[in-house]
Amino acid sequence: MTGTGKGVPAGVALCSETRVPATLRAVLRGFDSAFVLLSGRGATSFGCAMRYAAPTSIEEAVSVLAGDVHAQVYAGATDFIPQLRMGRPEPGVAVDLKRIDRLTGLRREGDSWVIGAATPSARLGEEEDLVAELPGLVEAAALIGSDQIQSRASLGGNLCNASPAADSVPAMVVNNGRAVIAGPAGMRTIPVASVVTGPGSTSLAADEFLVEFVFDRPPPRTADAYLRFIPRTEMDIAVVGAGARLTLDEAGRCREVSVALGAVAPTVVMVPAAAGILVGHPLTDEALKRVAAEASAVCNPIDDKRGTKAYRRQVAGVLAVRALRLAADRAARTGS
Amino acid sequence: MTATATTTDPQPSYKWVGTRPVRHDGLDKVTGRARYGADLNLPGMLIGAVLRSPHAHARILAIDNSAAEAMEGVRAVVTGADFPMLESEMGGSGEEFVDFRDLCRNVMARDKVLYEGHALAAVAATSRREALAALDAIKVDYEVLPHVLDVSLAMAPDAPILHEDMITEGVDPAPDGPSNVADRYVIDRGDIEKGFAEADVIVEREFVTQPVHQGYIEPHAVVADVGEDGKATVFCSSQGHFMVRSFTARLLGWEPSRVKVIPAEIGGGFGGKTTVYVEPVATRLSQKAGRPVKIVMTRDEVFRATGPTSGCKISLKVGATRDGRLTAVSGSMAYQAGAFKGSPASLGCMCAFAPYAIENVFLEGLDVVVNMPKVAAYRAPGAPMASFASETLLDEIAEELGMDPLEFRLRNAAEEGVRSVYGPIFKRIGFKETVEAVRDHPQYSIELGPNQGRGVASGFWFNFGGSSSATVHINEDGSASVLTGSPDIGGSRASMALMAAEELGIDIYDISPIVSDTESVGFTDVTGGSRVTHATGMAVIDACRKVVADLRARAAKVWDVDVSEVEWVDGRAQHVSGDRAPITARDLAADAAGTGGPITASAAVNARGAGAAFSTQVCDVEVDPETGAVKILRYTTAQDAGRAIHPSYVEGQMQGGVAQGIGWALNEEYIFDSGGTMENPGFLDYRMPVASDLPMIDTVIVEVPNPGHPYGVRGVGEVGIVPPMAAVANAIHDATGLRLSELPMSPVKVLEAIGANGG
């Protein structure tokens, strides 16, 4: 791959603002939403008009990022565009990753599900086997935005936007998801739980981006669930989110339990005590009450326009229990 | 939905009135062809943008716009110095009165900015990007002052004073010094001490509500074009283009005739578009630049700088006898006015108990300025907050008396001949009928489950009449054009066409209802006060009757008979004795030249006799005791429409008012940070209900004809928003046992109350 002017690799569509495709221009100027970020890089304005790149391979994308320290990758841009409109500095080059096949696919590989980082959320709900095996993950992805947003918004964007309230993250974490990351040194894989380091920040280097997620297919009598609380019924941001996954034994006792909470701390928090309380036991009211208390205790929430600390703590316990009950009902059904 | 209508009179045999034709403007609206405020683009047009204060309260020490003026692409910059300083003088009409002294300072700040978002300069440039860059280049030196938002704190002795020259009106003797209380309004009737002495049960409570926005979908948008002759053409959406003309001209120091306003379609207003914001600014920019200028507000600007309605603090006390008769009410209602006087506190006092016959009343309304945008009218301005308080207390009294809350309302219901709490004696009204309609509705007897509750509430709105003009042309093909000056904000084209079709006897689709510009039809007040179907309808009916008289005269001429022998039936002239073949409107129109020239007539009214509107509503909720979430399970609203001209649009108004009221009840509020900056200026965190938050809202149109209108019309646009907050609160009480007295009744507040109650 030979570099051309401005360190841009050949074959990458790259142009001044006036040559940005009409559809993107329309989105940039008019729409309230469209795309999403896939890297941890912060953008910096450097005075000239934003350029646009649409690499078609991972290697090309790596080159574009290597060639411009002010590049910003995006998938659906459902966070990126609104942020630009709210005054976020424009990146030097906006890099659309949706033309890379591997980032927009969804496939079963042996005992794993592999979901491209830029795969639209709506696509997840269309995959019947995925819905059957990881219903909580699909539900969580389905909560990102409206129907229109769903055909753009992605797991990768939801994760890298690094909002504490991101719906898909607790669901990915309880399913022990791994993130595959591309960069100049090649590919690396880390737990989803290690991607976000704080509100708006990730552990990805500026020249790295997310490629795909890998989830283990669930063993028998295993299911997940994700619930969130919002003041309305849709079109809102989680005040509290709770993901749960559990495996039951033949007798209906918990064998494995995982609970993760969103919107109650700078990053997703696990409720490790849940396993200690529940493993080896059935889901009794008494045990769940203790789980609720543990869930409330691990929260480190803030007071803001969407809720108070006290409210978030209390409802985190409520939702953790409800998500566990839902996951257990599902697990019991899959075991029969 | 099982929409039903109950009528106290036998339905007259109307052919068109009361039917549900598809609206004339419907196709253009669903295809996107209709032109709204932001849709007009002119050759050479500049884009305007407004610089807004980042501070809630600050003195403007200096504005330096020289760098902005020198920037490439910038064609004009204006500040307060480009507009005349107007003296105090009231203007406006209907339910929106304004002091031009305040309006000119609201549109462009002078020595002080009074709220975060207050406009203080504007630019016109060849692109929006250049315009925004130019705003950044305007240097403003501020002396930041302490600010106040809370209505109680604003009345405290040590409160920051917004207007150093404001002395409270309505207080005798006048206070010595300035305060933030602009006005004290009092209703004082009967003897409240005697009234409370007669009471067996007295309830008393304080209520707090937050400012809420009208939330219209379409932001304010204008294109202004000032020609070489100095005359301005202004294209914008508003609730009254004659208002835009007179306000814009006044703020520029011009005569109204120098401005022509062309009404765009309007994407919602709910009272919030009964004044001007960017219209005079775009016009002055256009005048300076010599080119058309367009300004379109962002949603952020709409929230930060245009009319919310007041947050309130209300304390009320109500007494009743054991047999359920109200004996006395007293209380005080303090309303946030925003940065300039003019809150609807007095209207709150008038409306809160208007549905009831009460002898002894003392209510005080306080109009309090605070550092937020000047409030604007919002659907029955002032009444919803006051009725939240009054109707919650009535529920509480009924409960203490062990009486059905509807029965309690019926025992105290005002009716024809009763002197209203606010003064006038009611003519024929349909309040009782709305209560009975709810009582008899199936929802009222559906059994409730665990954590579910049912609440009822009623509401009143005056409705207005006012000035309207209409012109009717019979076209050469016998069709009719009906021109009015009322922007169509709630289906009024269809209503005007239905009344014209009824009068003229021609098909509804042979009528073109047209909203004409300020030079093509006579003066017309704003679309507000639920006045258009009533008042503009009367002008249309009068004009049609003149046309029919003319058509009859022409037929008489053709037949060479006396006009008294000609009647107009189903769009045709008929000879009374029947020996002449009827002549259709089409035939008369085709030969108009031969019978005296074109067939046209105009009429104008200053309508009185707008019949009062009442609504009674029942709400079923389910409360999640673990999260505090309130789900609206079922909702029915019964409202007296007098006569429903187009029942679908009457139902739409009823449902729309309820939907907005539910939002007000549950989640909507302005949230400010400690610096007075609004934290939620967008629909994500300013939580209006989404469709899935609401059940289908069932409607019962009650028809008790208004004696002040030829068809009995009462305005229907506003009263529907008055009862919902109390209906929801009363339902939450029924479900949980909790009396919530603060809005919004958000999940956080409900869960706090459950927790405080030991739940």
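Visitor: Which strands does helix α15 of chain B lie across?

Guide: In this predicted model, α15 (residues 532-559) lies across β22, β23 and β28 of chain B. The helix runs at about 145° to β28(B). Helices (H or I, at least four residues) and strands (E, at least two) are DSSP runs, numbered from the N terminus. Angles run from 0 to 180 degrees between N-to-C directions of axes fitted to C-alpha atoms, for helices over the stretch in contact.

Visitor: What is the strand order in that sheet?

Guide: Strands of a sheet pair through backbone hydrogen bonds, either parallel or antiparallel. Here 4 strands of chain B form an open, mixed sheet, ordered β24-β23-β22-β28. β24 (511-515) and β28 (599-607) each have a single partner strand, so one side of each lacks a neighbour in the sheet. β22 (466-474) and β23 (480-484) of chain B pair antiparallel over 5 bridges; pairing needs at least two DSSP bridges. B:Ala470 stands opposite B:Thr484 of β23(B).

Visitor: How do α3 and α7 of chain B pack?

Guide: Two packed helices are described by the angle and the distance between their axes. For α3 (100-107) and α7 (241-252) of chain B, these are about 80° and 10 Å. They are therefore roughly perpendicular (65 to 115 degrees). B:Phe100 and B:Leu103 of α3(B) and B:Phe247 of α7(B) are among the contact residues (C-beta atoms, placed from the backbone, within 7 Å).

Visitor: Where is pLDDT under 50 in chain A?

Guide: Where pLDDT is low, predicted coordinates should not be read in detail. pLDDT (the predictor's confidence in each residue, from 0 to 100) stays under 50 over residues 1-37 of chain A. Residues 39-47 of chain A are also below 50. The mean for chain A is 88.

Visitor: What are the ground rules?

Guide: Residues count from 1 along each chain as written, with chains lettered from A and ligands numbered from 1 in written order. Local features need pLDDT of at least 70 and side-chain atom pairs 80 or more, while totals for chains, interfaces and linings use all residues.

Key. Contact = placed C-beta atoms within 7 Å. Parallel < 35°, antiparallel > 145°, perpendicular 65-115°, else oblique.
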